[in-house]
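Dear colleague,

Please find below the sequence and structure that I am handing over to you. My findings follow directly after them, grouped by region.

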Amino acid sequence: MRHRALGPLGVVTLVVAFGLKAAVALDAQAPSGTKTFDETATNTSAAIKAADEAAKAAAAASKNWAPPRTPWGDPDLQGYYFNHGGYTPLERPAALGDKAYYTEEEALAAFKKAVETDAEVDPRVVHYDWKEYGMDAWQSGTRPNLQTSLIVDPPNGRLPPLTPEAQKRLAAVAAAARARGADVTTPGMYTRCITGNGGPPRIPGGVTAESQILQTPGYVVMLSQSNNDVRIIPLDGRPHLPKTVNQWLGDARGHFEGTTLVVETTNFTADRNWRGSTDAMHLVERYTLVGPNTLRYQFTVTDPSTWTAPWSIDSVLPKIDPPIYEFACHEQNYGLINWAVGTQIREKEAAASGQTAEPAREER
Amino acid sequence: MHCPLKSATASAAVAMVGLWLAVVPTAGQAPPGGRFPPYTPLRTVDGKPDLNGIWQSFTTANWDILAHAAQPGPHPEIMGAWGAAPGGQSIVEGNEIPYQPWAAAKQKENFEKRMVVKVTNDPHRYDTGEPELQCYRPGVPRANYMPFPFQIFQTPEQILIVYEFKGAVRTIYMNSKEEAPSDTWMGWSKGRWEGDTLVVDVTGFDGHTWFDRAGNFHSEALHVVERYTPVSPYHLQYEATIEDPKVFTRPWKMSFPIYRRVEPNAQLVEFNCVPFVEEMMYTPLGLYKPRGK
């Protein structure tokens, strides 16, 4: 089970869960007064089998396939996508060295292990059993992946080292946070309801990973379920906003290269501290519909004041059913209040016993 | 055809530039009575009026949807003219909101306590204070008359509106029969075309939003029917019928024009106000520590 107890709020999760398979009752054979659910949302073996078949079907459907076009001639990427290309980790386990790809059997075994671990719940530590809300990734069409890591560059599949400047900067930020102690600004952007899922870019994984792409002449719009973040991407070649205008979601500009949407995003605010990056971060994303139900998603991040080299990922996002629901997160964010109260109590207990409490932080 | 120029001073101009004036008002001269000459809107690829673009209304209704004089802000000792509210005219038909007696009293109480922000962690109690002050989603129709632009993305099946304020979004499902799956801040919008007018039926509200900073409010029974009519390449005429049998004695209407933002490379600039309100909302709970301490 991943550590996800910091996700905001039962209220939000319940609303979101309507969008997922587990909430869709199939009334055939249902005894009166009960609901039965799609097996792939309740039974890990059924889900693993379906995911394996879906991955193979997607690969077959991608052969000799050309994406549709909008009436005005752009490649048509519109639809709803699950921002979770499998349980493939961002970084390759060190034990795998330079092995970039699994065999099909190895990929399925790794997927099976990941699904079963995710579905396992230890009642002594769990806050929510996410699968009861239909929020485990295996309940929503995620598939096995031959890649051993999402990162494909550097070739070892791991994040490049931080620059000395970045190490110093991040240590100072952490020291300041420890000295200040926990308050509502301690947790990440997601718990504070400032941005969802920490991006852009999208790091596949996590909860509330549904998203929508919508196109009109001259624009692509990306709407995320998480926090309802919306990115408006003009395609008309206009210049970026001046460097003095920084934003949480950056400033995106797009164009098509063949059937690939290329999105270049700059003007990020340093306040978001995304994986330690600064306002110098430069992001290039590539979105390609490679099959009727599969969006290939690649990105390259460059920030010379943070990483010693650029790094890139390659992943696939499966299509899912509509829609995207309202994600009113900051509105009455009781979860944030409860988190801060609880953490301050733990800090006081630690101080009384002579220990130093490390403020709990989100894993993102 | 209605001619916008009938005054004696304008007749010389009519003679000089001829027919062009029959359809386009001269710069600096509003069409009489706010009416525009007949206009056939540009079309989208599916033949519907094209509402795509960045739009903004220019009223003072966000302070008060009824007619109001200018007034000092709540903290003139530090905010001076910055905090003051401009005077303005009513967007409400007849300048009257038909409140039930209890609701008229509640509106006054809302106004008195608009800055008493009390955030609790008790889900059975509503938080107090003006929702905009706390960076909450503004709801409908208010989102359309806040002093921020919004952008319309129109497809045959759905129309997405992105509001600069808080980045609030709403999807209008076209010709949909689906009912609201749960209550929300921005409501559940179903659209259809009546001639060249986009008609949007909005339900499924949660009752937490207000119409303005003056405390005008509604309940979760709110039902809004909006009408967006293109009246020139640069203007939409907006009308909303407001119905809420728990709060009002009858349905009532508001209307105002919405203007196209025509600056080169116009775009929405983020207004993510969540970090702007954390200090105000959580300091009283001891959960916000001033920076630098």
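At what angle do helix H2 (residues 44-62) of chain A and helix H3 (residues 104-119) of chain A pack, and how far apart are their axes? Please bear in mind that this is a predicted model. The angle between H2(A) and H3(A) is about 145°, and their axes lie 10 Å apart. The crossing of H2(A) past H3(A) is right-handed. On the H2(A) side, the residues that meet H3(A) are Thr44(A), Ala47(A), Ile48(A), Ala51(A) and Asp52(A). Their counterparts in H3(A) are Leu108(A), Phe111(A), Lys112(A), Val115(A), Glu116(A) and Ala119(A). By residue type, the contact of H2(A) with H3(A) holds seven nonpolar, one polar and three charged residues.

I turn next to the contact between the chains. Chain A contributes 37 residues to the contact, and chain B likewise contributes 37 residues. On the side of chain A that touches chain B, at least two residues come from each of strand E3 (210-216), strand E4 (219-224), strand E5 (230-234) and helix H5 (334-352) of chain A. The largest share of that side is supplied by H5(A), with five residues. The residues of the side of chain A that touches chain B comprise 23 nonpolar, eight polar and six charged.

The strands E3, E4 and E5 of chain A also belong to a sheet. In chain A, four strands make up an open sheet, ordered E1-E3-E4-E5, with antiparallel pairing. Its edge strands are strand E1 (79-82) and E5 of chain A, each of which pairs on one side only. From one strand to the next, the twist averages 20°. Within this sheet, five bridges link E4(A) and E5(A) in the antiparallel sense, and Tyr219(A) is placed opposite Pro234(A) in E5(A).

Strand E7 (residues 260-266) of chain A pairs with strand E8 (residues 282-291) of chain A in the antiparallel sense, over six bridges; here Val262(A) has Arg286(A) in E8(A) as its bridge partner. E8(A) is in turn joined by nine bridges to strand E9 (residues 294-302) of chain A, and the two run antiparallel. E8(A) and E9(A) form a hairpin, with two residues between them. Two of the bridge partners in E9(A) may be named: Val301(A) for Leu283(A) and Arg296(A) for Thr288(A). E9(A) then pairs with strand E10 (residues 311-318) of chain A, again in the antiparallel sense, over eight bridges. In E10(A), Pro318(A) is the bridge partner of Thr294(A).

Finally, I come to the nonpolar cores. Which residues of the largest nonpolar core touch the most other members? They are Leu295(A), Ile161(B) and Val162(B), in a core of 81 residues. Strand E3 (residues 158-163) of chain B gives the most to this core, namely five residues. When residues up to four places away in sequence are not counted, Ile161(B) touches Phe150(B), Ile152(B), Val169(B) and Arg170(B). Another core, of twelve residues, lies apart from the largest one and includes Ala47(A), Ala51(A), Tyr87(A) and Ala137(A). Of these, Ala47(A) and Ala51(A) are also among the residues of H2(A) that meet H3(A).

With kind regards

Methods: Residues numbered from 1 in each chain as written. Chains lettered and ligands numbered in written order. Predicted model: local features only at pLDDT ≥ 70, side-chain atom pairs only at ≥ 80, totals over all residues. Contact = placed C-beta atoms within 7 Å. Nonpolar A, V, L, I, M, F, W, Y, C, P; charged D, E, K, R; others polar. Axes fitted to C-alpha atoms, helices over the stretch in contact; angles between N-to-C directions. Left-handed = near helix turned anticlockwise from the far one by under 90°. Core = buried A, V, L, I, M, F, W, Y, C linked by C-beta atoms within 7 Å. Buried ≥ 20, exposed ≤ 12 C-beta atoms within 10 Å, placed from the backbone. Pairing = 2+ DSSP bridges.
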